[in-house]
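Colleague: Could you walk me through how the helices pack in this one? I have some questions ready.

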Amino acid sequence: MSPFKKYLGRLLRIAVAIIFLQTLYFKFSAHPDSVYIFSKLGVEPYGRIGLGILELITGILILIPKTAKYGMFSGLVLISGALASHLGPLGIEIRGDGGTLFYLAVLTFALTLVWWGLNFQEIKSWIKPKA
């Protein structure tokens, strides 16, 4: 892998991890916006706390180079769920945020996909059956 791809991959991982980890404050402190979101989804408080724990684990996995692929896969799954929630019951705008949470989810999804694209050759070796 070229040095550019290596450093870009690192930067993408750090950005995605920061996004996942910064949301933990809102989930674990029962911020009113977080409580509203998970109440609307019908999974408050267990869904909020459970998802917070999953996002914490995901963020940590992303930051550790040897486990980054697992973290980025988990991140892709989690953020896909967030996008589906926004496109479904939550809507794009949450409590007058102008769609900020939705667009942050789109950004996170895009950064994760770019990381997977940079690592495509390596990914093929992870999923290729051993002879």
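**Helix packing and the core**

Modeller: Happy to! In this predicted model, Arg13, Val16 and Phe20 of helix 1 meet Ala68, Met72, Gly75, Leu78 and Ile79 of helix 5. By class, that contact has 6 nonpolar, 1 polar and 1 charged residues.

Colleague: Are helix 1 and helix 5 roughly parallel, roughly perpendicular or oblique to each other?

Modeller: The axes of helix 1 (residues 3-22) and helix 5 (residues 68-90) come within 11 Å and cross at roughly 50 degrees. Angles under 35 degrees would count as roughly parallel, and 65 to 115 as roughly perpendicular. The crossing is left-handed, and the two helices are therefore oblique.

Colleague: Is Thr58 buried or exposed?

Modeller: Thr58 sits in helix 4 (residues 46-63). Beyond its neighbours within four places in sequence, Thr58 is in contact with Phe20, Gly71, Ser74, Gly75 and Leu78. Buried means under 20% relative accessible area; Thr58 has 1% relative accessibility, so Thr58 counts as buried.

Colleague: Which residues touch the most other members of the largest nonpolar core?

Modeller: That core has 19 residues. The residues touching the most other members are Val16, Phe20, Ile62, Met72, Trp115 and Trp116.

Colleague: And which residues is Ile62 in contact with, leaving aside its neighbours within four places in sequence?

Modeller: Ile62 is one of the core residues that touch the most other members. With those sequence neighbours set aside, the contacts of Ile62 are Arg13, Val16, Ala17, Phe20, Ala68, Gly71 and Met72.

Definitions and conventions
Residues are numbered from 1 along each chain as its sequence is written. This is a predicted model: local features need pLDDT of at least 70, side-chain atom pairs count only at pLDDT 80 or more; totals for chains, interfaces and linings use all residues. Side-chain values use heavy atoms; hydrogens and water are left out. Axes are lines fitted to C-alpha atoms, for helices over the stretch in contact, and angles run from 0 to 180 degrees between N-to-C directions. Helices (H or I, at least four residues) and strands (E, at least two) are DSSP runs, numbered from the N terminus. Angles under 35 degrees count as roughly parallel, over 145 as roughly antiparallel, 65 to 115 as roughly perpendicular and the rest as oblique. A crossing is left-handed if the near helix is turned anticlockwise from the far one by less than a right angle, and right-handed if clockwise. Contact means heavy atoms within 4.5 Å. Ala, Val, Leu, Ile, Met, Phe, Trp, Tyr, Cys and Pro count as nonpolar, Asp, Glu, Lys and Arg as charged, and the others, Gly among them, as polar. Buried means under 20% relative accessible area, exposed over 50%, partly exposed in between (1.4 Å probe, protein chains only). A nonpolar core is a set of buried Ala, Val, Leu, Ile, Met, Phe, Trp, Tyr and Cys residues joined through side-chain atoms within 4.5 Å.
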